[in-house]
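User: Could you walk me through this structure? I would like to take it one topic at a time.

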Amino acid sequence: MADENDRTPEDEFRDMIRDILSGKEGVDASQLAAAAGLPNDPASLANIMRQFQAAMNASTSGEGINWNMSMEQAKSLALSTVKPVTAIQRAEIDQAFHVANLWLAEATSISELSGTPALISRLEWIEQTMPLWTQLAEPVANSISAALTSVLTDQAPEEMKGMIAGASQLMKQIGGTLFAMQLGQVVGQLSTEVVSGGDVGIPLLDEGHAALLPQNMDEFGAGLDIPMDQVHLYLAVRELAHARLFRHARWLRLNLISAIQDFARGISIDLSRVEDIAGNFDPQNPDELKEALSSGALIPPKSEEQLAALGRLETQLALIEGWVDVVTGAATTRLPRASALAETVRRRRASGGPAESAFATLVGLELRPRRLREATSLWQQVTDAVGADARDDLWSHPDMMPTAEDLDNPAALIAKLEATARGEVAEQDDMDRALADLLDGNIPPVDESEQN
């Protein structure tokens, strides 16, 4: 029998996989935690082991990933720091919402929300936003899970190939479990950073819902030397403006989420990278796998189609954030430290907002609106030229929205809007004329001689 000291990393890796496949007790949770980039403290390890064994004991005939693990992992991370909303906080921020609605009525024609804005804890934010996080992450999770299954089957020692091939669904569950745990880690961390429902740019809450996290708002305002009532009021204005926009432009939420999902589905996994990790994996030193999972290294460079889709997404996100910036600025002119708070928000966003690391890691998509400066400038120029009502009307339909070309050269859009405001009819282009002819039934006859 070989000496235990002579065992190689390959021997240990082989034994770990065999133990997992056989359901043997005592799989080292610290190895799984390190591989997934999760905390290594005793409480977290116990939770990880319980969740992993539940996945192993689940029926292998089921499809998909058990995203309840993400919820449990996120809650366990946030639970140690969560503070309930106090009665004093509720009274102060409810008053801030009341004033914010009055100020927004002067800054935008978009009507106020029908529901009451909410004050939520970190745990409540996790519960309310996790469904959308999992929806956006699932395409990549499935791809990574399938890639790990394929590579482990190919890389396994000959005597284990039959065993692994017969347990492909179980292997997918292993990969999916690690990914779900990592998503929970990211969302749990985000719950300690976000100050509102719209803080990440996309609408994580249901349409028309607004929410603030008082605990995180207080941490946001700490050290700013700005009275907390002003911090509350400024953030309430931003959140209500964001929620109003998505309630008004009912097409916007579905359009944005669908675009992100389409981008995620187009992602392929770098099999050569997975093969390299699987072939050299050391269970006692899983930093390489941890780094690959947490940095998005398994996702190869974007294709031309994805780069084009990313450009459209960045434009849309920049337009959303730019509009919120302009409206918030107009609504908070009475707030003494509004400019300082706006600068704090800009710096926080420029250094990498709370959503950026999450999307970059999980779906290979950075949501930082790179063209935010241009978008904010465009919305301000539109407001100055034709007023808030005409500006807000552009959100009525996706075809009316400014484009990337408009961000490059706002003058043409401004001229068109000013002409419309004067009652002038814009000259039709070829597409407009063709569509008008089609609707009027004026379809020219087909020249048969040209077809022959």
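Analyst: Let us begin with a definition: a residue is buried when its relative accessible area is under 20%, exposed when it is over 50%, and partly exposed in between, using a 1.4 Å probe and protein chains only. By that rule Arg122 is buried, because its relative accessible area is 3%. Please note that this is a predicted model, where local features need pLDDT of at least 70 and side-chain atom pairs count only at pLDDT 80 or more, while totals for chains, interfaces and linings use all residues. Residues are numbered from 1 along each chain as its sequence is written, and side-chain values use heavy atoms, with hydrogens and water left out.

User: Which residue forms a salt bridge with Arg122?

Analyst: The partner is Glu219, and the closest N and O atoms of the two are 3.1 Å apart. A salt bridge here is a side-chain nitrogen of Lys or Arg within 4 Å of a carboxyl oxygen of Asp or Glu. This pair links distant parts of the chain, since Glu219 is in helix H9 and Arg122 is in helix H6 (residues 122-155), 97 residues apart. Helices (H or I, at least four residues) and strands (E, at least two) are DSSP runs, numbered from the N terminus.

User: Is Glu219 buried, exposed or partly exposed?

Analyst: Glu219 is partly exposed, because its relative accessibility is 47%.

User: How many salt bridges does a search of the whole structure find?

Analyst: The search finds 14 salt bridges. One of them joins the side chains of Glu106 and Arg334, at 2.9 Å from N to O.

User: How accessible are Glu106 and Arg334?

Analyst: Glu106 is exposed, with a relative accessible area of 59%, and Arg334 is partly exposed, at 48%.

User: Which residues are linked in a network of salt bridges?

Analyst: The network links Arg238, Glu321, Asp325 and Arg349. Within it, the side chains of Glu321 and Arg349 meet in a salt bridge of 2.9 Å, N to O. Glu321 belongs to helix H14 and Arg349 to helix H15, 28 residues apart. Both of these residues are buried.

User: Changing topic: at what angle do the axes of H5 and H14 cross?

Analyst: The axes of helix H5 (residues 87-107) and helix H14 (residues 304-331) come within 8 Å and cross at roughly 110°. Axes are lines fitted to C-alpha atoms, for helices over the stretch in contact, and angles run from 0 to 180 degrees between N-to-C directions. H5 and H14 are therefore roughly perpendicular to each other. For the cut-offs, angles under 35 degrees count as roughly parallel, over 145 as roughly antiparallel, 65 to 115 as roughly perpendicular and the rest as oblique.

User: Which residues meet there?

Analyst: Trp103, Leu104 and Ala107 in H5 meet Val327, Ala330 and Ala331 in H14. The residues of this contact divide into six nonpolar, no polar and no charged. In that grouping Ala, Val, Leu, Ile, Met, Phe, Trp, Tyr, Cys and Pro count as nonpolar, Asp, Glu, Lys and Arg as charged, and the others, Gly among them, as polar. Contact means heavy atoms within 4.5 Å.

User: And how many aromatic pairs does the structure hold?

Analyst: It holds two aromatic pairs. Rings of Phe, Tyr and Trp (its six-membered ring) pair if their centres lie within 6.5 Å; planes under 30 degrees apart count as stacked, over 60 as edge-to-face and the rest as tilted. Trp323 and Trp395 are edge-to-face, 6.4 Å centre to centre with 80° between the planes. Trp323 lies in helix H14 and Trp395 in the loop between helix H17 (372-393) and helix H18 (404-408), so the pair ties together parts that are 72 residues apart in sequence. The rings of Trp379 and Trp395 have centres 5.4 Å apart and planes at 20°, so this pair is stacked. Trp323, Trp379 and Trp395 form one aromatic cluster.

User: Is Trp379 buried or exposed?

Analyst: Trp379 is buried, with a relative accessible area of 0%. Trp395 is buried at 0% relative accessibility, and Trp323 is buried at 1%.
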